[in-house]
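Here's a quick tour for anyone meeting this structure for the first time. Have a look around, and then we'll go through a few spots together.

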Amino acid sequence: MNVIPTRIAGGRFSLFNATPPSSPVALKFGFAHLRQRSRRFGVGFPTMMAGSLEKCVVCSETSTTNSGVIRPATEANSEEAVGAVKAGKVIAVPTDTLYGFACDACSMEAVSRIYEIKGRKHTSPLAICVGEVSDINRFAITDHLPRGLLHCLLPGPVTVVLRRGFCPDLQSSLIFKKISGCFAGEASMLEKSLNPGLDSIGVRVPDCNFIRTIAHGSGSALALTSANLSGKPSSVCIKDFENLWEDCAYVYDGGVLPSGRAGSTVVELIEPGKYKILREGSAKEETVAILERHSLLENVGMTS
């Protein structure tokens with residue numbers, strides 16, 4: 001998720017670095033090891049939501065305020081959230097790192113609305129969120145990556161920056177049939193609506209069932225960015241962006257998120273065999289360990 005002002009340099013998706021706290025957990029097994037330890041809620045919602053019950057009272061039922069409609073971030077409300085996204089609305093949702101604003105990434109009107117809500121320049125790129133790791137190659141080139149790398153990094157607190165487009169090995173099938181509700185033209189649709197003119201794109205698969213269910217149900221990708229005014233601190237609970245509730249169709253409350261305000265670790269994986277950390281985020285050490293275990297080398301000569 002973009003939680004720090006972004007810029008475009010040399011036609012690439014880039015972010016300024018932040019210095020987050022880091023954890024040595026999951027160096028051996030990748031983020032999958034963390035996920036196995038963090039599941040609660042019975043339906044697969046991660047610890048970040050369940051654990052937050054100790055820190056604040058999570059909305060347990062719908063409440064309507066002068067600032068908007070608040071819903072608990074539960075599986076029961078995911079269908080409603082999908083409907084709002086398909087209708088071109090902006091919603092606020094928890095992720096595995098921060099609260100974010102989300103909408104249909106293929107809707108120019110909805111994407112423009114996110115920029116308007118945040119007071120953000122249109123030259124600052126947005127990331128996308130998809131429901132499954134296997135969905136990434138519908139929007140970005142992944143065939144140059146080591147086998148299994150993406151499944152070790154994701155789902156998790158990582159944004160991977162890749163070349164836009166879709167993999168050549170999918171081209172023939174995408175031309176003639178749907179995949180998860182979208183046609184081959186979705187890549188070109190996304191190019192028109194999201195970060196036009198930029199040849200790379202940041203992709204997230206958060207370790208949070210709620211937003212992933214929404215992304216999957218939408219049949220497309222979600223445009224995703226931090227729920228805050230541009231340049232202001234990121235949000236770890238819905239009270240942090242209370243002044244923006246009225247701009248959202250729904251605000252989904254998952255309690256206080258425990259990961260801090262560092263956001264996801266952003267890594268560029270465009271050049272074969274190389275990686276570049278664009279933002280340290282909350283999981284730099286774990287991310288680098290996974291990348292190097294797959295024999296990738298840091299691209300120290302590339303400017304961000």
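## Arg138

Is Arg138 buried or exposed, going by its relative accessibility? Keep in mind that this is a predicted model. Arg138 comes out at 3% relative accessibility, so it counts as buried, since the cut-off for buried is under 20%.

To find Arg138, look in the loop that runs between strand 7 (127-129) and helix 5 (149-153). From there, the side chain of Arg138 reaches over to Gly219, meeting its backbone oxygen at 3.2 Å.

## Asp199

Next stop is Asp199, sitting in the loop between helix 7 (186-193) and strand 9 (200-204). Asp199 is partly exposed, and its relative accessible area is 32%.

Which side chain does Asp199 join in a polar contact? That would be Arg163, at 2.6 Å.

## Helix 3 and helix 8

Now for a pair of helices. The axes of helix 3 (residues 78-86) and helix 8 (residues 209-218) come within 9 Å, crossing at roughly 50°. The two helices are therefore oblique to each other, and helix 3 passes helix 8 in a right-handed crossing.

Who makes the contact? On helix 3, look for Ser78, Ala81, Val82, Val85 and Lys86; on helix 8, it's Phe210, Thr213, Ile214, Gly217 and Ser218. Sorted by class, this contact has 5 nonpolar, 4 polar and 1 charged residues.

Terms used
Residues are numbered from 1 along each chain as its sequence is written. This is a predicted model: local features need pLDDT of at least 70, side-chain atom pairs count only at pLDDT 80 or more; totals for chains, interfaces and linings use all residues. Side-chain values use heavy atoms; hydrogens and water are left out. Axes are lines fitted to C-alpha atoms, for helices over the stretch in contact, and angles run from 0 to 180 degrees between N-to-C directions. Helices (H or I, at least four residues) and strands (E, at least two) are DSSP runs, numbered from the N terminus. Angles under 35 degrees count as roughly parallel, over 145 as roughly antiparallel, 65 to 115 as roughly perpendicular and the rest as oblique. A crossing is left-handed if the near helix is turned anticlockwise from the far one by less than a right angle, and right-handed if clockwise. Contact means heavy atoms within 4.5 Å. Ala, Val, Leu, Ile, Met, Phe, Trp, Tyr, Cys and Pro count as nonpolar, Asp, Glu, Lys and Arg as charged, and the others, Gly among them, as polar. Buried means under 20% relative accessible area, exposed over 50%, partly exposed in between (1.4 Å probe, protein chains only). A polar contact is a pair of N or O atoms within 3.5 Å; within protein, one must be able to donate a hydrogen and the other to accept it, and residues adjacent in sequence count only if both atoms are side-chain atoms.
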